[in-house]
Amino acid sequence: MDNLLEKDLSATEFDDQAKTRALPARAQTVVVGAGVIGSSIAYHLAELGHKDVLLIERSSVASGTSWHAAGLVVRSRATHAMTKLSYYGIDAYRAIEKETGINVSLQQNGSLSLARTPGRLDELRYSHMVASHNGISSELVTPEQVAKLHPLATADGLLGGMHHAEDGHVNPGRAAMAFAKGAHTRGVTIREGVTVTGVQKVNGRITAVETDQGIVECENLVLAAGLWTRELAEKCGAMVPLYPAAHVHVTTDPIDGADVPLPVLRDLDGYLYVRGHNGSLVVGAFEPDGIPVDSRTLAKDFAFGEFDPDWEHFAAIKGFAEDRIPALKSANYSRFLNAPESFTPDASFCLGETAEVDGLWIAAGFNSQGIIYAPGAGRALAEWIVAGTPTTDVSAVDVQRFSKYQSNRPYLHERTKEGLGRLYAMHWPFLQPYTARNIRRSPLHDRVDAAGAVFGELVGYERANWFAPAGTKREYEYSYQRQNWFEHSAAEHKAAREAVAIFDLSTFTKVEVAGPDALKVIQSVTTSNMDVKIGRVVYTLMLNKGGGIELDGTITRLAEDRFLVVTPTAAQTKTLAMLRRAARGHAAATFDASAGLATIGIMGPNSRELLSRISPADFSTENQPWGTAREIEVGNGSALCLRVSFVGELGYELYPTADMAVSIYDSVIEAGEGLGLRRAGYHALDSLRVEKGYRHLGHDIGPIDDPYQASLAFAVNLKKGDFVGRSAIEGKQNPDRRQVFIKLDNPEPLFVHDESILLDGKIIGHVTSGSYGHTIGGACGLGNIPADVPAGSNFIVDCAGVLTPATISDVPFYDPENRRLKA
């Protein structure tokens, strides 16, 4: 069976009381949404022995989005973390068919991704590298090979392609049904025709779900309701930033030559895919001008609904498809499927427990990749719920990565116009979104803008990534090689190393914890001892109960009962969640000061002299040593001054209130005359921190990396008492892997992402983050390798097919003894 679009699916096929039997009064876990995602979660919970599960569906199994998906499945994705979530899918679909007897029509005819441009070919080379690293069958092919692999396709205008022999497609509706049946067989209760109307909470935790058929008490509530998840989460008091858009695929009448196994063809530069279907072809689009759909405009019973055909909107994609497969020019199209799917602001899905409500879990916003990720995401979330901590790297999909503001409907509507096409758009290094911009701005935005800043966007914030000199275009020219900002950022980097640079770091997350129990709260969630003198600044980690790193940052003790926590920009939601949960039941309060305080970074050997020109304070090491903070008079105002540095030089961070930020910033600029002061952006900050070996949360460290694996033992104090994750890391001081510092011996290549590290011809690890070390004269980064492999100069890094000699060190390549930092 390979009926692509099935609307007659229901759990009554294997449970004749799925629509009629009353709801149980209680279930340990309630999963809302019986599409392929929710059914997979329920199945994997039961597989783990967590059988007290109720799976409820407003309509019937596979309704909503699952039934009309194209059913594409793949092994590999662009990164190692995402590949770990996708790889399992094909095996899972094969296994669930065997287990349940439901034919999911898994056909592994392979896939063929095409490149029309040099940039796209570079992208495919990196994808091929990641696939090969993970043992996935992958081959870069010539245009001539493309025509042989797909006889209906023409190679005109192509530079090459990538062939994955194990990829293919399934029947999406039957796949959802198979997981639902497997879950039911393993003890999960399934009820169809049940609408969620609300929830009950006690002390911020889910205790029950309210439905039109009664109340069900529960400990966990999982929202896997597709495009309706945002509204359901809002009812629960949580923000989930996803928004629907119309997704189109059309089906032809039978075509000569399409009745044989054909690989799924992805003409990425044409924004289209083509798959075979019973002797016909299905052509789908991920066009760059998507059509957002407000879910509130959909009928209440919209379950197997469709929108009217829009041939005019589809015309450009149809033309590209006919150019690639000439047989389509004379084909008759018998089916135009136009239906909604949900998309997120960064084109990655949402998984995990919400920041706002304990016990409320999300699995939604799959950006038209739900069939690919359903098995892996379902398993990952089930393990997370059971273990209470992630078991795989979910940093890129953690629902808490977003700011609450990104759930704003107008923002999402605008971003979704771009979001639909992001799947097939070029995934350039440092690619910036072009929709829904200028939403969040620092107090210094106008000043850095006037100085030539070229902005990037992160969680809705505009941040100065680099500065364009006068007469230079203020825009990115993307490439997998050195981009147009490379030399400008190098000059900013050099200023921080040799003179002084000023950074607007105001988007940093800043949370104050205050009250009689503030120390107790802070101690309970940090690995370092925070019972320090007033004015001390301590770098620390915050772990999950499995010992993985959820956050890193600095904490300053402002008073006996006040602490300032500073973490990365993208960690605002998670930081607030962890601190507020820790403070619950204690005499301590948390306050989000992120918007109330600006952050001005003054970094470099001349930073002390510069501040001395605008402040009466004594900045000598004797009066303010490294790792200390104090209030100072500066310019015409005052600010908290931290002597810390994320660039590895003598430096200071000023934290004025937002109302004084511009005045103080102007004073710094004026005082920098003659000292070599230069404005610098986040690209320079990144290259500087990589040279110094500082970690980047979400890349170098994350929820499955413990402090010892991350080579951050110095940030752990087991003598301080108990803290979250302590029991999990005790006795693990000798890990199986460690984090090291890597430098390419050839000064020309660049690190992009996830490059493989080889020793004696064998892959032993990969690069976790990297940039260009302008001071040390080559690309450098951090990476993970086995603990027993010694450092040295006998390593090779696979830079997307270019095997490059590299040196690995256990100490940073720049200032390993911190002499400059503590000067």
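## Helices, rings and buried spots

Me: How do α1 and α6 lie to each other, roughly parallel or roughly antiparallel?
Reply: This is a predicted model, and here the axes of helix α1 (residues 36-47) and helix α6 (residues 172-185) come within 8 Å. They cross at roughly 30°, and angles under 35 degrees count as roughly parallel. So α1 and α6 are roughly parallel.

Me: Which residues of α6 make the contact with α1?
Reply: The crossing of α1 and α6 is left-handed. On the α1 side, Val 36, Ser 39, Ser 40, Ala 42, Tyr 43, His 44 and Ala 46 make the contact. Their partners in α6 are Ala 175, Ala 176, Phe 179, Ala 180, Gly 182 and Ala 183.

Me: Is Ile 37 buried or exposed?
Reply: Ile 37 lies in helix α1. Leaving aside neighbours within four places in sequence, Ile 37 is in contact with Ala 224, Ala 363, Phe 366, Gly 370 and Ala 374. Its relative accessible area is 11%, and anything under 20% counts as buried. So Ile 37 is buried.

Me: How far apart in space are Ile 37 and Gly 604?
Reply: Along the sequence, Ile 37 and Gly 604 are 567 residues apart. In space, going C-alpha to C-alpha, the distance between Ile 37 and Gly 604 is 50 Å.

Me: What about α3 and α9, roughly parallel or roughly perpendicular?
Reply: Helix α3 (residues 88-100) and helix α9 (residues 370-387) have axes that come within 8 Å and cross at roughly 85°. At the contact, Tyr 88, Gly 89, Ala 92 and Tyr 93 in α3 meet Ile 371, Ala 374, Pro 375, Gly 376 and Arg 379 in α9. The range from 65 to 115 degrees counts as roughly perpendicular. So that's what α3 and α9 are: roughly perpendicular.

Me: Why is the pair of Tyr 126 and Tyr 480 put down as stacked, and how many residues apart are the two?
Reply: The two ring centres are 5.4 Å apart and the planes sit at 25°, so the pair is stacked; planes under 30 degrees apart count that way. Tyr 126 is buried, and so is Tyr 480. The pair links distant parts of the chain, with Tyr 126 in helix α4 (residues 118-133) and Tyr 480 in the loop between β21 (461-467) and α12 (486-498).

Me: Which residue forms a stacked aromatic pair with Trp 428?
Reply: Trp 428 sits in the loop between α10 (409-422) and α11 (445-450), and its partner is 50 residues apart from it, in the loop between β21 and α12. The rings are 6.4 Å centre to centre, with 10° between the planes. Trp 428 is partly exposed at 22% relative accessible area. The partner, partly exposed at 24%, is Tyr 478.

Me: Which residues form one aromatic cluster with Tyr 126 and Trp 428?
Reply: The structure holds 25 aromatic pairs, among them Tyr 126 with Tyr 480 and Trp 428 with Tyr 478. One cluster takes in the residues of both pairs. Besides Tyr 126 and Trp 428, its members are Trp 466, Tyr 476, Tyr 478 and Tyr 480.

Me: Which ring does the charged end of Arg 482 sit over?
Reply: There are such arrangements at two arginines here, and at Arg 630 the charged end sits over the ring of Phe 619, 5.2 Å from its centre. For Arg 482, the charged end is 5.0 Å from the centre of the ring of Tyr 772.

Me: Is Glu 418 buried or exposed?
Reply: Glu 418 is found in helix α10. Setting aside neighbours within four places in sequence, Glu 418 is in contact with Pro 288, Gln 432, Pro 433, Tyr 434 and Thr 435. With a relative accessible area of 4%, Glu 418 is buried.

Me: How many residues of helix α17 are buried?
Reply: Helix α17 (residues 682-692) is mostly covered. The cover over its buried residues includes β21, α12, β22 (500-504), β32 (677-680), β35 (762-773) and β36 (778-786). Just after α17, Gly 693 takes a positive phi of about 85°. As for the buried count in α17, it is eleven of eleven.

Key. Residues are numbered from 1 along each chain as its sequence is written. This is a predicted model: local features need pLDDT of at least 70, side-chain atom pairs count only at pLDDT 80 or more; totals for chains, interfaces and linings use all residues. Side-chain values use heavy atoms; hydrogens and water are left out. Rings of Phe, Tyr and Trp (its six-membered ring) pair if their centres lie within 6.5 Å; planes under 30 degrees apart count as stacked, over 60 as edge-to-face and the rest as tilted. Helices (H or I, at least four residues) and strands (E, at least two) are DSSP runs, numbered from the N terminus. Buried means under 20% relative accessible area, exposed over 50%, partly exposed in between (1.4 Å probe, protein chains only). A charge sits over a ring if NZ of Lys or CZ of Arg is within 6 Å of the ring centre and within 35 degrees of the ring normal. Axes are lines fitted to C-alpha atoms, for helices over the stretch in contact, and angles run from 0 to 180 degrees between N-to-C directions. Angles under 35 degrees count as roughly parallel, over 145 as roughly antiparallel, 65 to 115 as roughly perpendicular and the rest as oblique. A crossing is left-handed if the near helix is turned anticlockwise from the far one by less than a right angle, and right-handed if clockwise. Contact means heavy atoms within 4.5 Å.
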